[in-house]
Amino acid sequence: MGAIDELRKRVRGAVITGADPGYDSARRVWNAIIDKRPQLIVQCRNAADVIACVGYAREEGLVVAVRGGAHSVAGNATCDGGLVIDLSEMKGIRVDAERRIAWAEPGLRWVEFDRETQAFGLATTGGTVGDTGIAGLTLGGGFGWLEGRLGMTVDNLLGADVVLANGDLVHATASENSDLFWALRGGGGNFGIVTSFEYRLHPVGPMIVGGLVVHPFARAAGVLAFYNEFLRSAPDALTAAAVIMTAPDGNKACGIACAYLGPVEEGEKAVQPLKQFGPPILDMMGPIPYAGQQSMLDQAMPPNVLNYWKADFIPEIGEGVARAAIDAYSRVPSPMSSILFFPIHGAASRVDPQATAYPHRRGIHMGIYSLWTDLAEKNANVAWVRETWQAIQPFVPGGVYVNELGEDEGDDRVRQAYGPNYARLTQIKAKYDPKNLFRLNANIRPAQTVEPAGV
Ligand SMILES: Cc1cc2nc3c(=O)[nH]c(=O)nc-3n(C[C@H](O)[C@H](O)[C@H](O)COP(=O)(O)OP(=O)(O)OC[C@H]3O[C@@H](n4cnc5c(N)ncnc54)[C@H](O)[C@@H]3O)c2cc1C
């Protein structure tokens with residue numbers, strides 16, 4: 001009997017190879033530009049399946065890709081020729097409303113997580129697009145609408161169950177395997193496969209104040225200058241992002257989106273400056289269910305579209321950055337593309353950069369997102385992102401969000417993503433994954449080891 005048949009007997013989930021009819025849909029990830037052909041995909045049902053897969057990969061010398069919500073734009077959730085450990089069917093979640101804790105499996109997406117926690121009027125900081133996976137987002141840091149008051153997603157992680165490279169299942173918390181727990185909160189998928197996350201929850205909504213105001217593109221410079229100034233005194237409860245985009249009517253535009261976490265009347269007062277500036281040509285800012293806020297951007301970022309992204313942290317939107325971004329967007333090849341400014345502020349910014357592996361606790365995340373549908377237009381869209389990114393480099397001190405690193409970025413950029421925490425992460429990597437089994441990620445090299453050949 002072949003090794004794959006043996007594996008089929010050892011796991012509860014489906015084991016899919018190129019010979020199976022479901023192969024093409026099982027290998028598809030969120031970013032349609034990623035077109036990889038793994039040797040096999042195991043759709044795990046539980047931690048025992050994950051342990052079996054890790055053992056199988058070691059025995060067979062296979063490269064391992066780990067898949068949660070499959071939103072890695074770099075395509076890290078799949079691979080050519082290796083084993084995809086697919087966790088997307090592991091969607092269990094239990095909420096203890098009294099203690100305000102959720103235990104959640106790694107196949108959940110934020111829309112699913114929010115639905116369960118909002119049933120109790122609770123939530124934690126999650127991603128801004130509903131179908132993003134909780135797993136990859138959490139392990140990389142996690143910025144979102146609630147971060148100003150509640151901190152980033154990693155700041156709300158209380159513990160995790162992790163299958164290590166040697167097949168052991170361990171629990172990591174602030175007091176148990178605390179080095180691993182520190183590394184998981186920003187170190188991505190480098191240390192093992194998380195089979196359960198434990199999150200701290202907070203009372204949120206169901207109604208909050210949020211939404212979007214839109215200004216004409218011709219006024220983008222003024223809007224960005226106003227937004228930059230507004231951020232300096234915005235309260236923790238108000239998280240506001242700016243975006244240069246193409247509106248549904250086909251016209252280029254500049255918008256400000258926000259969410260206020262607190263009483264609705266307070267929120268309505270706090271967003272007045274955003275509603276009054278300009279005035280906007282479209283005002284959709286006001287009371288909104290938290291669930292509505294969390295799905296507000298879904299249509300702007302649909303699945304099965306071609307994507308190429310680059311990102312950086314900038315200290316502020318000075319004149320140079322604004323000019324470069326506006327100039328670039330005037331030449332954007334695809335109306336689906338956008339440039340997003342999302343601040344790390346409030347509670348998220350008061351955490352010491354070395355308290356968790358996620359280090360970027362100040363400034364504004366600037367994402368240059370190219371989305372288009374025709375493969376023939378790849379060169380133009382990729383070139384637009386690269387040129388825009390080049391144009392802002394004089395204003396960038398260095399620093400990038402690990403979850404938005406592209407697939408073609410080198411070691412220097414990976415180190416910038418981990419910043420001052422890289423050296424400590426290499427030590428922890430050497431302890432928990434000395435042979436670098438988990439390497440399809442923004443890879444941290446195990447300290448004092450030469451990269452092993454094969455796995
Ligand atoms: C449309 C869109 C919107 C986004 N919005 C936000 C946002 O608002 N805030 C934000 O912070 N980020 C955001 N991101 C970035 C997001 O954090 C990353 O894309 C992240 O990787 C998504 O996690 P995932 O589980 O869906 O991805 P996957 O592609 O499944 O996983 C990415 C990587 O994470 C690791 N991983 C996944 N699951 C596990 C696990 N259980 N154990 C160990 N390692 C694992 C693996 O290395 C894997 O390759 C967004 C991305 C997209 C595409």
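1. Basis. This is a predicted model, in which local features need pLDDT of at least 70, side-chain atom pairs count only at pLDDT 80 or more, and totals for chains, interfaces and linings use all residues. Residues are numbered from 1 along each chain as its sequence is written, and side-chain values use heavy atoms, with hydrogens and water left out.

2. Two packed helices are described by the angle between their axes and the distance between the axes. Helices are DSSP runs of H or I with at least four residues; strands are runs of E with at least two; both are numbered from the N terminus.

3. Helix 1 contributes A3, I4, L7 and R10. Helix 3 contributes D49, A52, G55, Y56, E59 and E60. Contact means heavy atoms within 4.5 Å. By class, there are five nonpolar, one polar and four charged residues. Ala, Val, Leu, Ile, Met, Phe, Trp, Tyr, Cys and Pro count as nonpolar; Asp, Glu, Lys and Arg as charged; the others, Gly among them, as polar.

4. Helix 12 against helix 13. The crossing is right-handed. V321, A324, A328 and Y329 in helix 12 meet W384, T388, A391 and I392 in helix 13. This contact has seven nonpolar, one polar and no charged residues.

5. T388. This residue sits in helix 13, residues 378–392. T388 counts as buried because its relative accessibility is 2% (buried is under 20% relative accessible area, exposed over 50%, partly exposed in between, with a 1.4 Å probe and protein chains only). Its side chain reaches the backbone oxygen of W384 at 2.6 Å. Leaving aside neighbours within four places in sequence, T388 is in contact with A328, I339 and I368.

6. D114. Helix 4 (residues 110–118) holds D114. At 6% relative accessibility, D114 is buried. Not counting residues up to four places away in sequence, D114 touches Y290 and Q294. The side chains of D114 and Q294 are joined by a polar contact of 3.0 Å. A polar contact is a pair of N or O atoms within 3.5 Å; within protein, one must be able to donate a hydrogen and the other to accept it, and residues adjacent in sequence count only if both atoms are side-chain atoms. D114 and Q293 are 179 residues apart in sequence, and their C-alpha atoms are 11 Å apart in space.

7. Cis peptide bonds. Most residues other than glycine have a negative phi, and most peptide bonds are trans. G205 and P206 are joined by a cis bond, with omega about 10°. P206 lies in the loop between strand 11 (202–203) and strand 12 (207–216). The bond from G278 to P279 is also cis. Its omega is near 0°. P279 lies in the loop between helix 10 (272–276) and strand 15 (282–289).

8. Positive phi. N304 is not a glycine, yet its phi is near 60°. N304 lies in the loop between helix 11 (290–295) and strand 16 (306–314). N304 is exposed, at 51% relative accessible area. N436 has a positive phi of about 55° and is not a glycine either. N436 is in the segment after helix 15 (422–432). N436 is buried, at 0%.

9. G18. The loop between strand 1 (14–17) and helix 2 (23–27) contains G18. G18 is exposed, with a relative accessible area of 53%. G18 touches Y23 and Q39, not counting residues up to four places away in sequence. The C-alpha atoms of G18 and R37 are separated by 8.0 Å, at 19 residues apart along the chain.

Note on methods: Left-handed = near helix turned anticlockwise from the far one by under 90°.
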